[in-house]
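Okay, everyone, thanks for coming. Have a look at this one with me, and then we'll walk through it.

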Amino acid sequence: MAILSGASLRAKSIHFSVKANSGVERSVLAIENLAFCAGEQIALCGPSGSGKTTLLNVLLGLKLLPGADISWDNIKLSSLSPSQQDRWRREHVGIVFQQFHLHPKLSPIDNVLLSEHFGAFRVSPGIRLRAQSLLDQLNVPARRNTEQLSRGEMQRVALARAFLRRPRILIADEPTASLDVATAKTSFAMLSELCREAGTTAIITTHDQNLAATLDRRLDLKEGLLCEP
Ligand SMILES: Nc1ncnc2c1ncn2[C@@H]1O[C@H](COP(=O)(O)OP(=O)(O)OP(=O)(O)O)[C@@H](O)[C@H]1O
């Protein structure tokens, strides 16, 4: 059984508009209240341009909106200084992108450990072991050139990197959009399983309704509003 270690979210008053070329304001986000339970896995769906990425950035404090109140485990992000927010993200958030953002000339294990090399002179043996065991679990060779891997393997390296520090929150922005259908299904299932094992709260944007249906909850973003189908 998973030990629940995810973070819970309470968010209020998320309002964001953009001006179209015509000069007319268009509301991208108009969300009054949003709550996620610890350990919940949420699929965030919606047409292209509906505001999914913007919403993820707001929830992580990467995009600040006047009046918005974003609290994870009762910690209000706006009450933290910019450096405290950076530290909070480093300690609690894992991120997976559509375009994996891996260094092609480094090995998979060095990609997983890259941010550790920035933070410390020497990577601790425990963290190195964790990186190796994640790569083993995800069935990726640890010591080949990353550029020689398949796209599915590259995505699994990105998953290992995101889970290295056992994040309490996992954000994935269309993590399987550049994969073929079968590889996308496998990668999505692995991502969900890693979250389940650690009790991580996950918010995953996807255009794939079948993948979305495998998570605990689906939210559709349409004309600024979130609804549960
Ligand atoms: N800083 C900004 N200035 C102007 N327009 C912006 C800004 N940020 C976002 N937008 C607009 O807000 C809308 C939502 O963008 P966003 O990238 O969040 O959508 P999305 O649902 O993630 O799209 P996709 O599925 O294509 O990735 C888009 O029309 C975008 O152009």
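Quick bit of bookkeeping: Ala, Val, Leu, Ile, Met, Phe, Trp, Tyr, Cys and Pro count as nonpolar, Asp, Glu, Lys and Arg as charged, and the others, Gly among them, as polar. This is a predicted model, where local features need pLDDT of at least 70, side-chain atom pairs count only at pLDDT 80 or more, and totals for chains, interfaces and linings use all residues. Residues are numbered from 1 along each chain as its sequence is written.

So, the ligand. Its shell has 2 nonpolar, 7 polar and 1 charged residues. Among the residues surrounding the ligand are Val-18, Val-28 and Lys-52; being near means a C-beta atom, placed from the backbone, within 6 Å. Helix H1, residues 52–59, gives the largest share, 3 residues. Helices (H or I, at least four residues) and strands (E, at least two) are DSSP runs, numbered from the N terminus.

Now the sheet. Two strands pair if DSSP finds at least two bridges between them. What is the strand order in the open sheet? The 6 strands go E6-E7-E8-E3-E9-E10, with mixed pairing. E6 (93–96) and E10 are the edge strands, each pairing on one side only.

On the parallel side of things, E7 (residues 169–173) and E8 (residues 201–205) share 5 bridges, with Ile-171 partnered by Ile-203 in E8. E3 (residues 41–45) also runs parallel to E9 (residues 217–222), over 4 bridges, and Cys-45 sits opposite Asp-220.

E9 and E10 (residues 225–227) are antiparallel, joined by 3 bridges. Their hairpin has 2 residues between the strands, and Glu-223 there takes a positive phi near 50°.
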